[in-house]
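Biologist: Could you show me how to read the rings in a model? I would like the general idea, and then the case here.

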Amino acid sequence: MKLAYYPGCTLHGTAREYDASTKAVCKAAGIELTEIDDWNCCGALEAIFDKELSMGLSARNNFKAQKTGLDLVIPCSICSHNLSRADKAMKNDSVFRAKIEKVLGEKYTGVNIKHLLDVVVNDLGIETLATKFTKSLNGIKAVPYYGCLLIRPSEVCKFDNPENPSSLDDIIKATGAECLPFTQKTKCCGGNLLMSKQDYAFILTKKLFDEAKAAGANCIVVACPMCHMLLDGQQGMIEKAHNTVIDMPVLYFTQLIGLAMGLGEKELELDKNMVSTSKLIASIGKEKPAQNKVQVKIEPAIEAEAAQ
Amino acid sequence: MIKSNDLDPDFKYEISKEPGGENIKKCFNCTGCTVGCPVTEIDKSYNPRMILRKAILGMRKEVLSDESLWLCASCYICYERCPQDVKITEVIGAIRAIAQREAKAGKIKLDNPKPLFDHLFIDSVKKNGKWYEAGVSGTFMLMTKGIGGAIGYAPMGLELWKKGKLSILPHTIKGKDEIKRICEEVEK
């Protein structure tokens, strides 16, 4: 599989371990990534409310991707949202398209934009992915955390259920790690409140840790650099503000997949996470393989069926 | 008490002309947005339904200068669940855009630091093509928390730098003139 790749600003900065583990895992899974030329910032959450500016900045990247003739894969949920929203507007809003085409002097025909999680789960497929796994990650007890823009709004990202997504759950289970129930999986990490009301951002993040701990998790698995910034990068600040000890490693789903593929810790940059991952990695293989039961009790009939 | 003389019946039309605000008039005040809101969960005084209701009634000044306008975390839960497709997250964005213009014109005062951060961030993107994390965060901390407050973040900054996650200098792109032209075009 060949794809164009838009890393976005954070993957070349605070989320460098997401970039490294994405490249390593894609290489091992036979996905060839070509980074698009001279890409720019999508406007992130800071321009998200300035809709036309956000879409204009994002549209330039879509033009760059269009030149490659490939589908575009994006690991960041915010970038993925912004570029997809811009693509939709370029296709449906002729006034907006005319503005951007005039500035860049090119015609826009459209790009197929996908989040990396979508590519891994739906294009590659978990069964194919699992054929590359060389070790079972039993000992890791993870909660999957999806956050907001990865799955919402569903008119922009259509690959998973916006109220009860399961892509990350399925990956965790496939690695042999235990996937624990997590009712906070689609709640807000508080990322966009970090600058407007930090104490609220920290309360929202702390709620995620509280439930993850109560569920018995020893790590949280994410697919967004902003979620990771709050859960991993700000964890020390949250501990200080709430006078508590959290000590919860937060892995990108690509780091988890890489571990199951037997890739090296250096290659996956597991030493770049702010919260140490060494205790977690040492716990791998120390327990019997996890029995991943049906986790979410929506209908008792499903569980009864699974037990048979 | 709300006096009809103080209301601006055109406010809803003003919002619906902003990008993102188009669907505000569809709201029938069902409260679906508010019951699912993670911010309301921790602060009952934050009430997106009330912001929309006041806006539709025409309580222009009260809506624009309300601090709670800056508490939306843009998590899109209300946007997803709204039965009327009001696109609430983006309506809030449209109201914020009006508030920022009013503040710039000196008509209202905004106390929340978020517009300043957004402004610094977007400026750095306009200048470099990518956001300049060290520069923007440093300037923001100094402007909002003073030297003492900014120093509190130094250990985290140092740790990020040691891990190779924070660049002292900005990353730039070749197509900066294209960025400039795009910004000029959409801001016309």
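Modeller: The charged end of Lys197(A) sits over the ring of Tyr200(A), 4.7 Å from its centre. A charge sits over a ring if NZ of Lys or CZ of Arg is within 6 Å of the ring centre and within 35 degrees of the ring normal. Lys130(B) also lies over a ring face, that of Trp39(A), at 3.7 Å from the ring centre.

Biologist: What should I know about the model and its numbering?

Modeller: This is a predicted model, where local features need pLDDT of at least 70, side-chain atom pairs count only at pLDDT 80 or more, and totals for chains, interfaces and linings use all residues. Residues are numbered from 1 along each chain as its sequence is written, chains are lettered from A and ligands numbered from 1 in the order in which they are written, and side-chain values use heavy atoms, without hydrogens and water.

Biologist: How many aromatic pairs are there over all chains?

Modeller: Rings of Phe, Tyr and Trp (its six-membered ring) pair if their centres lie within 6.5 Å; planes under 30 degrees apart are stacked, over 60 edge-to-face, and the rest tilted. The count is 10 aromatic pairs over all chains. Phe117(B) and Phe140(B) are edge-to-face, because their ring centres are 5.1 Å apart and their planes at 80°.

Biologist: Is Phe117(B) buried or exposed?

Modeller: Buried means under 20% relative accessible area, exposed over 50%, partly exposed in between (1.4 Å probe, protein chains only). Phe117(B) is buried, at 3% relative accessibility, and Phe140(B) is buried at 3%. The rings of Phe121(B) and Trp131(B) are stacked, because their centres are 4.7 Å apart and their planes at 25°. Ring pairs join Phe117(B), Phe121(B), Trp131(B) and Phe140(B) into a cluster.
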